[in-house]
Amino acid sequence: MITLSVRGLPRSTTEESLTALFTEYGVVRSLKMAKDLFSGDCKGFATIDMEGHEARAAIAALDGRDLSGSIIRVGPDRPRKGKTRKRR
C-alpha cells in the first residue's frame, strides 16, 4: 500500500471526481481531501491510498496533468520533517 500526495487541486474538485480520476489506474483504498470548514470547497490537496503497482501507474500518468485549469502534482506522501513533538 502506497499513500499518494495530490497537490494543486482546483477548488471545484470533489471527492467523487478525484476518486473517478484515480480509479482509472486501480482501486482507491482511501481518500482524504482537505476541505474548507465553511464553504466545503477543496483546499487544494488530498492523500490517496492505493496498491503499489497501481499507485506507480497513477503517478506516471497524472503527475503534471491539467485538471480543470490547474496542474496537479502527484507523488508518494512523505512525512514532514520537524513536525513531530515529543512528550515531556
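User: Where is Arg 29 found?

Analyst: The model examined here is predicted. Helix H1 covers residues 15–23, and strand E2 covers residues 30–35. Arg 29 is found in the loop between H1 and E2.

User: Which residues does Arg 29 touch, not counting residues up to four places away in sequence?

Analyst: Contact here means heavy atoms within 4.5 Å. With residues up to four places away in sequence left out, Arg 29 touches Met 1, Asp 49, Met 50 and Glu 51.

User: With which residue does the side chain of Arg 29 meet in a salt bridge?

Analyst: A salt bridge requires a side-chain nitrogen of Lys or Arg within 4 Å of a carboxyl oxygen of Asp or Glu. For Arg 29 the N to O distance is 3.5 Å. The pair links distant parts of the chain, 22 residues apart, with one partner in the loop between H1 and E2 and the other in the loop between E3 and H2. The partner of Arg 29 is Glu 51.

User: Is Glu 51 buried, exposed or partly exposed?

Analyst: Glu 51 lies in the loop between E3 and H2, where it touches Met 1 and Arg 29, not counting residues up to four places away in sequence. Buried means under 20% relative accessible area and exposed means over 50%. At 26% relative accessibility, Glu 51 therefore counts as partly exposed.

User: How many salt bridges does the structure hold?

Analyst: One of them joins the side chains of Arg 29 and Glu 51. Another joins the side chains of Arg 11 and Asp 41, and Lys 35 forms one with Glu 15. The number of salt bridges that the structure holds is three.

User: How many residues apart in sequence are the parts that Arg 11 and Asp 41 tie together?

Analyst: The side chains of Arg 11 and Asp 41 meet in a salt bridge, 3.7 Å from N to O. Arg 11 lies in the loop between E1 and H1, and Asp 41 in the loop between E2 and E3, so the pair ties together parts of the chain whose separation in sequence is 30 residues.

User: How far apart are the closest N and O atoms of Lys 35 and Glu 15?

Analyst: Lys 35 counts as partly exposed at 41% relative accessibility, and Glu 15 is partly exposed with a relative accessible area of 30%. These two residues form a salt bridge, and their closest N and O atoms are separated by 3.6 Å.

User: Which side chain of opposite charge is nearest to Asp 49?

Analyst: Asp 49 has its place in strand E3 and is buried, yet has no salt bridge. The nearest side chain of opposite charge is 5.7 Å away, whereas a salt bridge requires the atoms to be within 4 Å. That side chain belongs to Lys 32.

User: With which side chains does the side chain of Asp 49 make polar contacts?

Analyst: Among the residues that Asp 49 touches are Thr 3, Val 28 and Ser 30. Another, of 2.8 Å, joins Asp 49 to the side chain of Ser 30.

User: How many bridges join strand E1 to strand E3?

Analyst: Strand E1 covers residues 2–7 and strand E3 covers residues 42–50. The two strands run antiparallel, and in E3 the bridge partner of Ile 2 is Met 50. The number of bridges between E1 and E3 is six.

User: Which residue in E6 is the bridge partner of Val 6?

Analyst: E1 is also joined to strand E6, residues 73–76, by four bridges. These strands run antiparallel. In E6, the bridge partner of Val 6 is Val 74.

User: Within what arc do the buried residues of H2 fall?

Analyst: In helix H2, residues 52–62, the buried residues are Gly 52, Glu 54, Ala 55, Ala 58 and Leu 62. Seen down the axis of H2, they line one face of the helix, because they fall within an arc of 165°.

User: Which exposed residues does the face of H2 turned away from its buried side carry?

Analyst: The buried residues of H2 pack against E1, H1, E3 and E6. The face turned away from that buried side carries His 53, Arg 56 and Ala 60.

User: Which residue with positive phi follows H2?

Analyst: The phi of this residue is near 85°. The residue that follows H2 is Gly 64.

Note on methods: Residues numbered from 1 in each chain as written. Predicted model: local features only at pLDDT ≥ 70, side-chain atom pairs only at ≥ 80, totals over all residues. Heavy atoms only, no water. Pairing = 2+ DSSP bridges. Buried < 20%, exposed > 50% of the residue type's maximum accessible area, 1.4 Å probe, protein only. Arc of directions from axis to C-beta. Lys, Arg positive; Asp, Glu negative; His and termini not counted. Polar contact = N/O pair within 3.5 Å; in protein donor to acceptor, adjacent residues only side chain to side chain.
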